[in-house]
Amino acid sequence: MQEFLKRFHDDTRATIAIVFGLSAIAMFAIVGVAIDSSKIYNAKAQMTSALEASALAAAKLLDADTNASDSAIQDYALAFFNTQVANYQLDDATFGNFRAVINRGDSSVRTLVDVSMGSLFGRVVDGNQTVAFTPDAIVSYKARKIELSLVLDVTGSMAGAKLDSLKTASKNLVDALYASNPEQQAIRVGLVPYSASVNAGNYFEDVSDLDNDDYDRCVVERTGTDALTNARPDAGRYLEISSSSINSRYSCPSSEIVPLTPLHDYATRSAFKNQIDSLTAGGATAGHIGLALGWYMVSPEWSSIWPVSPRGYDPDNVIKAVILMTDGVFNAAYAGGPPVHSSTDPLMPGSSPNHALALCDAMSAGAAASQKILIYTVAFQAPMAAETMLKDCSGESNFFNADNAGDLVDVFKDIAEKLTSLRLTG
């Protein structure tokens with residue numbers, strides 16, 4: 001017996017097979033776990049990507065449309081999620097019970113979905129055929145809105161190639177702002193062409209309290225205690241009119257103002273660019289009138305005048321800005337007597353540059369902190385006196401000089417980038 005046990009103890013001929021058999025089970029388990037883990041990891045990554053995209057889309061809608069109901073935002077998130085998932089290869093996964101949790105306090109949306117996947121390892125080891133998990137994503141989105149007035153010089157000196165360059169630069173700015181993917185109504189731009197006056201077009205009666213049929217629809221600066229304010233037009237606060245018999249520099253430009261226009265919509269954006277293309281040049285330079293209309297266009301005080309009401313003052317959420325562009329000195333005013341009608345002296349009370357600088361102060365430094373308007377100024381092949389006045393208006397940091405057509409395009413592009421950066425970063 002002792003000899004037999006010794007031989008049994010020393011016999012190793014089947015050891016490898018036994019060890020291999022035991023090891024194979026462990027190796028098979030490891031391979032199964034690896035395959036399942038890889039599948040689940042990939043599925044989670046794809047589902048999370050789809051959830052993040054749907055949460056962002058819903059958060060943008062929440063930010064853009066404060067009137068949208070929770071159910072409308074949730075339906076939008078679900079539709080967006082389904083569109084995203086359709087692009088993925090998830091044949092072995094089923095999902096349901098999609099949820100979009102909306103938090104209006106911090107402008108966030110959290111999306112979740114229950115996912116079930118077949119399990120290779122589970123089927124073999126313990127009969128559990130599926131693995132369940134619930135990925136989620138949360139996105140907070142609160143980009144500031146932009147309301148911008150383009151106050152553009154269309155005086156006689158702008159005729160020809162200079163006006164063509166201005167049109168190109170302005171349309172490029174519109175395209176650049178749109179390229180930042182604004183939500184509905186997030187970016188609105190208005191147009192104020194000016195020369196010796198401003199053509200109020202269909203809004204003439206509202207801003208002047210006069211009949212369209214009896215006048216040329218052009219307005220000049222208002223007088224009185226509200227001459228340098230953005231108070232809504234009313235008794236004692238209406239814009240004035242003039243004529244060449246009162247001021248020999250007077251003329252009425254054919255190019256009309258265009259109130260704030262949302263850029264997200266192709267039709268309205270194209271129509272706005274067409275208005276830019278239709279600009280014509282002629283007349284003297286009453287830049288202060290254009291600047292005033294640019295201010296009024298983004299002022300909530302004027303909401304009853306414009307078809308798209310400017311938003312209320314909310315610096316944390318709304319950027320209100322004006323771009324004032326000229327190629328020359330301001331040289332036409334109407335409120336004062338003949339000595340100041342054609343004065344280009346910014347120190348002369350009532351002159352166009354003097355009135356413009358007073359407006360600049362009221363819009364920025366002089367306004368209540370919550371009601372300040374951001375002013376950018378652009379000198380296009382302008383004399384030194386015009387450059388100095390524009391710098392005094394906007395401040396050096398927001399002043400731009402363009403010596404040629406290419407510079408002008410670059411300047412407007414730079415301003416668009418500044419506005420977009422302010423919008424997205426706060």
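**Close-up 1. Helices H5 and H7 pack at an angle of about 165° in this predicted model.** H5 spans residues 161-178, and H7 spans residues 266-277. Their axes lie 9 Å apart. Angles over 145 degrees count as roughly antiparallel, so H5 and H7 are roughly antiparallel to each other. H5 passes H7 in a right-handed crossing.

**Close-up 2. Residues of H5 meet residues of H7.** H5 contributes Lys167, Ser170, Lys171, Val174, Asp175 and Tyr178. From H7 come Arg269, Phe272, Lys273, Ile276 and Asp277. By class, this contact of H5 with H7 holds six charged, four nonpolar and one polar residue. An α-helix has 3.6 residues a turn, so residues three or four places apart point the same way.

**Close-up 3. Helix H8 covers residues 287-298.** H8 has twelve residues. From its first C-alpha to its last, H8 reaches 17 Å, close to the 16 Å expected at 1.5 Å a residue. Twelve of the twelve residues are buried, so H8 is largely enclosed by the rest of the structure. Among the buried residues of H8 are Gly287, His288, Trp295, Tyr296 and Met297.

**Close-up 4. Serine 352 sits in helix H10.** H10 runs over residues 352-363. Serine 352 has a relative accessible area of 0%. Buried means under 20%, so serine 352 is buried. Neighbours within four places in sequence are left aside here.

Terms used. Residues numbered from 1 in each chain as written. Predicted model: local features only at pLDDT ≥ 70, side-chain atom pairs only at ≥ 80, totals over all residues. Heavy atoms only, no water. Axes fitted to C-alpha atoms, helices over the stretch in contact; angles between N-to-C directions. Helix = DSSP H or I, 4+ residues; strand = E, 2+ residues; numbered from the N terminus. Parallel < 35°, antiparallel > 145°, perpendicular 65-115°, else oblique. Left-handed = near helix turned anticlockwise from the far one by under 90°. Contact = heavy atoms within 4.5 Å. Nonpolar A, V, L, I, M, F, W, Y, C, P; charged D, E, K, R; others polar. Buried < 20%, exposed > 50% of the residue type's maximum accessible area, 1.4 Å probe, protein only. Expected span 1.5 Å × (residues − 1).
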